[in-house]
Amino acid sequence: MTDRERFVACILGEPVDRPPYWLFWDPWKTTWNRWEREGKPESITDHRSIFNPDQPPMTIPVNCGPCPKIERLVIEEDEEFVVFRDEWGIKRRDFKNKESMSEFIEFPVKTRSDWQRFKEERLNPDSPERLDGNWLEQCKEWRNKGYPIQLGDYPDVGLFGGLRWLLGDEECLVAFYTMPDLVHEIMDHLTSLYLTVFEKVVKVIQVDVIHLWEDMCGKQGPLISPKHWDEFMGPNYRRIKRFADKHNIPIISVDTDGYPDLIISSMMRAGVNYLYPMEVAAGCDVNMFQDKYPTLGMMGGIDKRVLAIGPEAIDKELTRIRPAMVKGRYVPDLDHLIPDNVSWENYCYYAGGLKKLISKI
């Protein structure tokens with residue numbers, strides 16, 4: 001089977017020769033630096049390459065975010081921090097020499113007039129620049145190689161994700177109660193933008209996945225209630241599902257960290273059939289979710305923390321997720337990026353062990 005055929009069949013619960021083998025998640029920059037100190041060969045510039053993995057979905061590089069693009073602007077910096085304005089116009093502060101989430105200082109939309117201005121200046125669905133570049137040639141090459149092809153990705157395609165980029169984390173949650181009309185308007189407009197761009201793409205290339213980045217859960221569960229998900233997000237997800245069905249796109253994918261259990265049923269009713277990364281630290285167990293939602297495809301679910309412990313812990317974790325691999329609709333992989341407490345030796349042990357396990361399924 002090609003990488004595309006294997007992935008699509010796996011998620012849809014159809015027969016496959018084996019589960020996909022991806023090594024999807026990248027190491028932190030500080031992890032890569034550690035691996036270089038520990039003797040990773042200089043010739044290895046991609047941590048996946050030496051294990052000859054399958055190709056995960058390739059994202060078509062059309063612009064579904066702010067357009068014209070907002071250039072990253074450094075505002076101030078010292079030896080420890082850099083303050084900058086990012087590609088969504090968000091003011092952030094980051095560490096310069098270690099890994100951490102950004103400190104979010106200021107967001108672009110504080111009032112309805114801010115939204116109207118941002119929408120008019122940056123979120124015109126018909127901006128011709130959205131289709132700039134040689135993406136069609138890239139897609140044809142990917143198709144010839146048998147790779148799966150995806151529309152949408154972090155950080156530019158998501159409904160809660162886009163709302164949060166515009167208003168801010170706490171501000172957008174309050175807005176569900178204080179400005180529900182604005183929340184509806186933003187999500188409706190973002191969906192129209194995505195589908196306008198998608199429509200132009202699918203006229204010339206067959207797509208396998210529509211992907212939405214949401215990151216709308218924590219360890220305690222979703223950041224909004226299932227009722228709010230159904231009211232604000234559900235109608236637009238169903239618009240996306242109708243588009244996918246019309247254009248024979250078999251997979252609608254969502255990326256959310258945390259523990260999503262309370263909103264999985266809502267997502268599935270609206271057309272989602274593939275979810276990741278299933279974070280173990282947040283309580284996600286792919287075996288449990290597979291039993292509860294047997295038609296849901298998943299990726300991730302392998303506890304990245306065990307890679308810092310050693311071979312015995314890695315073997316135990318791979319044994320734990322094996323039943324999900326056997327049942328299907330599951331792409332076994334880590335549950336997020338690789339932190340810098342993971343040695344090069346342990347990473348190689350994990351990657352080799354997962355490949356060996358997959359070959360026996």
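Two strands pair if DSSP finds at least two bridges between them, and the strands themselves are DSSP runs (E, at least two residues), numbered from the N terminus as the helices are (H or I, at least four residues). The model described here is predicted, so that local features need pLDDT of at least 70 and side-chain atom pairs count only at pLDDT 80 or more, while totals for chains, interfaces and linings use all residues. Residues are numbered from 1 along each chain as its sequence is written, and side-chain values use heavy atoms, with hydrogens and water left out.

**Strands E3, E4 and E5**

Strand E4 (residues 91-95) is joined by three bridges to strand E5 (residues 103-106), and the two run antiparallel. Strand E3 (residues 81-85) also runs antiparallel to E4, with five bridges between them. Arg-92 of E4 stands opposite Phe-84, and the bridge partner of Arg-92 in E5 is Phe-104. The covered face of E4 holds Arg-92 and Asp-94, whereas Lys-91, Arg-93 and Phe-95 lie on the uncovered face. Five residues lie between the strands in the hairpin of E3 and E4, where Gly-89 takes a positive phi near 80 degrees.

**The open sheet**

Seven strands form an open sheet with parallel pairing, in the order E1-E6-E7-E10-E11-E12-E13. Its edge strands, each pairing on one side only, are E1 (58-59) and E13 (330-334). Within this sheet, strand E11 (residues 274-276) runs parallel to strand E12 (residues 297-302), and two bridges join them; Leu-275 stands opposite Met-298 in E12. Helix H11 (residues 311-327) packs on the sheet, touching E12 and E13, and its direction makes about 170 degrees with that of E12. Contact here means heavy atoms within 4.5 Å, and the angle, on a scale from 0 to 180 degrees, is taken between N-to-C directions of axes fitted to C-alpha atoms, for helices over the stretch in contact.

**Cysteines**

A disulfide is a covalent bond between the sulfur atoms of two cysteines; it is assigned to a pair of cysteine sulfur atoms within 2.5 Å. The structure holds zero disulfides.

Terms used:
Buried means under 20% relative accessible area, exposed over 50%, partly exposed in between (1.4 Å probe, protein chains only).
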